[in-house]
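Please go through the chains of this model and the contact between two of them, with the cut-offs stated for each term.

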Amino acid sequence: MSADTVNTASILVSLGQVTLVLIGAPLLAGVMRQVRARLEGREGAGIWQPWRDLRKLLRKTRIVPEGTGPAFRTAPLLAVACTAMAAAAVPLISTRTGLGPGADLIAVVALLTLAAAALALAGLDTGTAFGGMGASREMTITALAEPTILMAVFALGARVGSTNLPQIVAAGVQHGGRLASPASLLAAFALGVVVLAETGRLPVDNPATHLELTMVHEAMVLEYAGPDLALVELGAAMRLTVLLGLWASLFAPWGIATATGPAALALGLGVLAGKLALLAVLLAAGEVFMAKLRLFRVPELLAGSFLLSVLAVTASFFLT
Amino acid sequence: MISLLRKIRGVGRVAEPAPPPPAPLPPPVAQRARALGGSAQVRCVDAGSCNGCEIEIGQAFSPVYDAERYGARVVASPRHADVLLVTGPVTVNMAGPLRSTYEAMAQPRLVVAVGDCAIDCGVFAGGYGVHGPVADVVPVDLQVPGCPPRPEAIVEALRRVTGR
Amino acid sequence: MNLIAVALGVAAALAGAAVLAAVVLPARLRVVAVGVLSALLGTAGLLAGGAALAGGSFAAHLPLVLPLAGVYVSVDALSGLFMAVAGAVVLAASVYGVGYARHAGGGRGAQALWPLFAFSLLLVPAAASVSTLLAAWELMAASSLLLVVSGHRGGGDSVRSAGVWYAVMTHLGLVAILTGLVWLAAAAHSETFAGIRAGAPGLSPVARGGVFVLVLIGFGSKAGMVPLHAWLPRAHPEAPTPVSALMSAAMVNLGVYGLVRVGLDLLGGGARWWWLTVLILGALTAVYGILQAAVASDLKRLLAYSTVENLGLILLGVGAAGVFHASGHDELAALALAAALLHTVTHAAFKTLLFLGAGAVLHATGVRDLDELGGLRARMPVTSGLFALGALGAAALPGGAGFPSEWLLLQSLIHGLAVPGITVVVVLPVAVGAVALSAGLAVATFVKAVGTGFLAKPRSPAAEQAHEAPVSMLAGMSLTALACAGLALLPGAAGPALRRVVTGLLPGSGAAVTEGVAGRLSALGSTLSPLWVVAGTLVLALVLRGLLRMAARTPSRSAPLWDCGAPPLTARMQYTATSFAEPLQRVFDDVLAPESDLDVTPHAESAYLVERVAYSRAVPDRIEHRLYNPVIHTVRRAGLAARALANGSVHRYLGYGFTAVVLLLVVLAAAQ
Amino acid sequence: MSGDAELLDLAAGAFLLAAVGVLWRRDLTAQTSLLAVQGFALAAIAVILGADQAHPELYAVAAGVGVLRGAVLPALMRRAISARATDRETRPLMNVGASLLSAAALVLLAYAVSQPLVRLLGTASARALPMGLAVALIGLLILVTRRKALSQITGFLLLDNGITAIAFLAAAGVPLLVELGVSFDLLLAVLVLRVLTTRMRALFGDTDLDDLRELHD
């Protein structure tokens, strides 16, 4: 399998993807906020606003709350690094990523979980009630989302006979017809729900809430200020970008480069940007119509997505 | 859902066209505001107001006046905030919390006193529960007079901070 | 001269010497001597196991040791693996024990039992005949039981009841194993494993099935398989820490060993339904165990339930291997079995580390309840760091020891779809779901353990006065930590050894195993390189740090925690382990059936003013309640009824004897 | 595989997905629109089968099914709902999460039991057969776990849709008459139930089956 070979070109591809996600993630967030603003009849702050926020945060003093330890200080960095690593592994521009054989779907999921766990520990480390509350809720949702993810992985990997991302995506490129099969549609739906849950979007969590008691992700990071907060926000945006990119590559891989030639890469880059922008617009538009679920309704949502992924698995056996 | 879509299309843009940019800030404040570079996270503290100013602040961030388009956003924690929006005369009980809120913010930080009460205790001046104007507790960089101030005035103050 | 033989002989000698030292030496000297000798004993076991894994083998018949049959000893790769694991755990736990024994378990009896228990752990896998196995098993059971109750001077009800539970269940298990193996030996007309191996194919399916069910019950109860797990979460927390570590990381594995030895080796595979049973029970065990762990707030109880979970995962892997083998897919079977065995090894590593860490906390604070701990990272930094490493392993996240093995397990399940047959197709998704759910809950569980136990502010005076553990304890933990790191980053190193074990059991393609373990399943098209992942992440983190340093040249200042302007923030405002687990507990209400109790005492003047609100919550082991209590009650009633028979009159007792003899004779007469 | 088979799979998938959605949503109006979707999916299955096996009469059946299941029945349901005050299944006997998980189990069961039949027939249409069975089972599940009379109707309709689908896929097209007969007495059933519910609402204000039990004594 060509995806197994690692060479300088593919490593460069990975580095390119990391930088791309680093730079593009805030833009994605900006686009979503802008779309929301327009749909609410507002003018909107422009898609560059998240970058302005980050620049500003980098200029502010770093605050170390009394009584916090290394867990609190290193968590944002670790979270961003894990997400960046996932960005290096997931085939976004090209299926020839630097990890090649190492780019395993389960490993990527585990990396993102590690990032979430690090932030949860930071939230607990502050010793404030809100930090613990956020950590507890975040971990509950992560734990319940896990089965859906792996079941969907199961459905996708079973057909290719591998959980290696490049191979799955490449297979998708080769037989486009498969993408229209019930199995992959169901898996797409299930994974979509999980992406919402894992990135703390509506209806699972409201990223724009100001009321601590309704917070999940925000509550964990209430203590961060300045550059650390910049890292946290960058990490959240990157997480969203990587997961949306992963979703796009799995279920709409058209246009992704299967080689490392400059032309193919350029095409892949353009197509990726287009896909992500489209997904962002759709997501933001959808959020206008949604209200946040009660925390204890979220398990219902995740159970539903789990059922869908089980259906995907069965369908992948019995229908194709 | 369809009806909502129809409504969205029907209502269209309700944000009023942006008025001309306001006068720049006085030098010392301006130098700090420049560091913010067009982005101001706002934390509101009600130090004992009659909630008239709160309503107007809410209006300032409503779709009609849309302070957000100038890069201002309300946040949930003073750690995340650059601008402290204080309303009302500082009551005895709120003096401490106001000070600690200010302390919790990372530099550079600005304080905006919104409403006459915040500037000089307004009608509450000399009240037994009143500690004093905001300036007695935390250094005030910007004042928005009015009882209550019009949303435009609040938006203008925020624009002077973000410089947009 | 055979290295294994030498190592085993040395081990035996060391065990004897240690027992002697424990009996004769004065207290202080005793602890050190026993610790050193047991550590050497562990090393010897490690060597023996390593030699066996390196391809060596050894068999001997010592007629004079046991009456009648004599002792048959034989060490192959499979025994070697479990020997090596047990030896390594013994080594670490003994070093640790030197420091710990000053705190508890320094008594003469406990010290004398320790080497016996350790040696029995090496003896069980080496046994090569039914009688030898049973003798070693009983030695292990008895010594560990005595060690559990030796736990705390004076005991306390919890220790006593734990002892009773353990004694009853382990001996019921022994009975099951005894019956099964004796049946097997009788049917195969031989008592040695070699003979059974030769005779097994000729057995009737009924006999084979019956034997398998019996040994499954026996070994399963030792491995904490639901619903026979009830003793485990009681005994492990109550035992002195080194003992808990040895039980949780080495002894329970032997249940798996027995199952594999009898089921796959002696009976040579067998029907598909056997292994489907094992697989399903394993899945249930995993999910149930981690659910209980997720809501437990007693640190050692949490770890014990996590042991239940991991053993469940191992059984799941073994079951899958059996199913694949029964369907003739030996390559997949090899993969699944390798996954199960690798998880046995990794679990032993991180669980030892975790238990030793918990012991250090207990040693420093005297508290096991997470709700009363917290803030330990400031006072015992080394222990906290090591415990965090172990927790990373238990949560099966990248960089943790559990990650490669659970990944391999998932791989073997996912590729198992190649196996035809509707049962497989229905069962495998369920199995994957179970593994995934337990993995997710494990993350939550260990975030809770680390976050509420070691981070934030201390919640009790005991936690405030915590102090770092003595050097020997830290040394014991560090040894295990090294093992964890090694397994986490270079699981491939275990490849050749595992291949030897697996190919010894299944004549499947050994190549797939090595590749699988090395994270290179080129044959199956999936790969993983934990070293790469971790290294890459670290490099990225460093680069980002550099960039951040360049971008943000701002001073850093420390400020009080943001208290919403309403000081002071007290430690009581923090989330405790209980509150952390509350959402999960609510989600799984139907499964866990927690008992919460809220009593409100109104004020004297008015019923509307509340004076005090007391809330208490307990999550009892539901299976225990539903399954065991009825049995226990009937037994008790029978016992009370039987009491009437014994009223102390000698004539009556003689009468019983006489009647019994007569009846026996009548039966004999009737039989002819 | 052929394009037709792909289409058939898609239609069957939509068919099953609609059933899952009905189980998932508490909102009765949403359930009704999902039922409409399912009716059209059923019609689509009939059309594809007709095209596949050149059974022109199947088109007629498809048209009938589409109109009845996709338009008429849902419309009736909506009428029934619009009159009601509360249109949500507030407290089902089994909470939604659990019922979803049991639905997963049911689907696996459906696949497991229908394998022999699938192998026997071996046609592309037969491979979609388990989905019909799964839908029927889910319908039964709703029938037993929901309290509101209207949700019971939904369950009944699901059950019937499932049976029809099985008939289509297994027998490659039921005779038109049978189909019409089934649908008509189904229609009657709905009408009767609707009348009943309106009357009951007039009398007792709500249609909670547990309240109805009081009619016994």
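This is a predicted model, in which local features need pLDDT of at least 70 and side-chain atom pairs count only at pLDDT 80 or more, whereas totals for chains, interfaces and linings use all residues. Residues are numbered from 1 along each chain as its sequence is written, and chains are lettered from A and ligands numbered from 1 in the order in which they are written.

Q: How many helices and strands does chain C have?
A: Helices (H or I, at least four residues) and strands (E, at least two) are taken as DSSP runs and numbered from the N terminus. On that basis, chain C has 26 helices and 7 strands.

Q: What is the radius of gyration of chain C?
A: The radius is taken over C-alpha atoms, and the globule rule is 2.2 Å times the number of residues to the power 0.38. For 672 residues the rule gives 26 Å, and chain C comes close to it, so the chain is as compact as a globular protein of that length, with a radius of gyration of 26 Å.

Q: What percentage of the residues of chain C count as buried?
A: A residue is buried if 20 or more other C-beta atoms, placed from the backbone, lie within 10 Å of its own, exposed if 12 or fewer, and partly exposed in between. Of the 672 residues of chain C, the buried share is 58%.

Q: How many residues of chain A are in contact with chain C?
A: Two residues are in contact if their C-beta atoms, placed from the backbone, lie within 7 Å. Chain C contributes 65 residues, and the number in chain A is 72.

Q: Which element gives the most to the side of chain C that touches chain A?
A: Elements that give two or more residues to this side include α16 (402–415), α17 (422–454) and α22 (530–551) of chain C. By class, the side has 44 nonpolar residues (Ala, Val, Leu, Ile, Met, Phe, Trp, Tyr, Cys and Pro), 5 charged (Asp, Glu, Lys and Arg) and 16 polar (the others, Gly among them). The element that gives the most, with 15 residues, is α17(C).
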